[in-house]
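Please study the model shown below before reading on.

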Amino acid sequence: MEQENNNLNEEKKDPLVEIIDPLLEWFEQNKRSFPWREVQQPYHVWISEIMLQQTRIEAVIEHYNRFMQELPDIGSLSRVSEERLLKLWEGLGYYSRAKNLKKAAQVIMEQYDGQMPRTYEQLITLAGIGEYTAGAIASFCFGEKVPAVDGNVLRVLARLTGDRENVLLPQTKKAAAARLRSIMPEQAGAFNEAIMELGETVCLPGGVPKCDICPLKGQCTAYRESLTAELPVRIKVMKRKTVHKTIFLLCSEDNRIAIEKRQDKGLLAGMYQLPNTDRSLSPDQADVHLREWGIEAEKGEYLGEAKHMFTHIDWIMRGYRFCIRQKNDRFIWVTKDELERAYALPTAFRVFLNRW
Ligand code: SF4
């Protein structure tokens, strides 16, 4: 009878458990060194994980170091002015994330005595902390056996298991999290980090994973069946919106340009922008528009077209440069140094700054 039960347990064992040992061993030998890994403190992991969403690691390191130098702990983050916070976040995009960091820091100061909450259930109640980030902090820093499923993890898992479900659907993510949770080893943090690391350095997106050096090729369905180019399945269901804009680079004789503050709500809320309109203007129309702002200028110079992609919106921007005769009070007129030091200007507008 005992023999039968043992056989039954063997049969029920998820084959995915076979990846645990080789993956952990590989991670131990191959993990990259990052500033936030050196300390593995919850605050550091939190900030780095939020920065890493949608941004490449190389680009994050500099921002992370600057951020940590100025806001080294939860207390300083909870007290920072929004203006300064957005400046520190400049270039990372998704500015609502920075605002959520501050909101969450304030709650941690008030409700958790300034200490990062230790459980997934508590973490996920904080502003801007979703399932992935809660899982990452809880497992990396506090050893809780919860998964942290991001795009890298979904890709690795789809290839390992040969799963053809659309990884962009929430139910696919949910199923992946449930499966990982069911096999989660004691070293939950290292296990989660290891899958992500494998996805970032070996099991690369597109048809170019480095299967030859992968520690899991013996367990991988996509490798065995030559499916790496087909998996994971990604079918976008979201309809994107396109907005045509005209951007004005208004230059004064004393080498300043015009900027203005955006509204407090909506896309890029509270940041600064170059003067612009939500229409694509011809050179003549741009001249007229400028006069409507009460600005006299030499004939404008067309700077060409640029595209910037946000999550659901694409901006198609035409740029014009005008040498203006006199500054007016409608805009803030800044030097290069002032702009870099004190005003958060989103990346979308920066494409035209090289013509300043
Ligand atoms: S064998 Fe190739 S496809 Fe499979 S997990 Fe490794 S890198 Fe990815």
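Domain bounds are taken from an automatic or database domain assignment. For this chain, the assignment gives domain 1 (8-224) and domain 2 (241-355), and their C-alpha centres lie 37 Å apart. The model is a predicted one, in which local features need pLDDT of at least 70 and side-chain atom pairs count only at pLDDT 80 or more, while totals for chains, interfaces and linings use all residues. Residue numbers start from 1 along each chain, in the order in which its sequence is written.

Two residues are said to be in contact if their C-beta atoms, placed from the backbone, lie within 7 Å. Domain 1 gives eight residues to the contact between the domains, and domain 2 gives eight residues as well. Helices (H or I, at least four residues) are DSSP runs numbered from the N terminus. On the side of domain 1 that touches domain 2, the largest share, four residues, comes from helix 7. Ala, Val, Leu, Ile, Met, Phe, Trp, Tyr, Cys and Pro count as nonpolar, Asp, Glu, Lys and Arg as charged, and the others, Gly among them, as polar. By these classes, that side of domain 1 has three nonpolar, two polar and three charged residues.

Helix 7 (residues 82-89) also packs with helix 8 (residues 95-111), at an angle of about 130° and with their axes 10 Å apart. Such axes are lines fitted to C-alpha atoms, for helices over the stretch in contact, and angles run from 0 to 180 degrees between N-to-C directions. Angles under 35 degrees count as roughly parallel, over 145 as roughly antiparallel, 65 to 115 as roughly perpendicular and the rest as oblique. Helix 7 and helix 8 are therefore oblique to each other. In this pair, E82, L85, L86 and W89 of helix 7 meet Y95, A98, K99 and K102 of helix 8. Five of the residues in this contact are nonpolar, none is polar and three are charged.

A second pair is formed by helix 2 (residues 20-30) and helix 13 (residues 188-201), which pack at about 75° with axes 9 Å apart. These two helices are therefore roughly perpendicular to each other. Helix 2 contributes I20, L23, L24, W26 and F27, and helix 13 contributes A190, F191, E193, A194, I195, E197 and L198. Their contact has 10 nonpolar, no polar and two charged residues.

A residue is near a molecule if its C-beta atom, placed from the backbone, lies within 6 Å of it. Of the 15 residues around the ligand, C203, P209, C211, C214 and C220 come nearest. Helix 11 (151-161) and helix 14 (221-224) are the elements that give two or more residues to this shell. The shell comprises 11 nonpolar, one polar and three charged residues.
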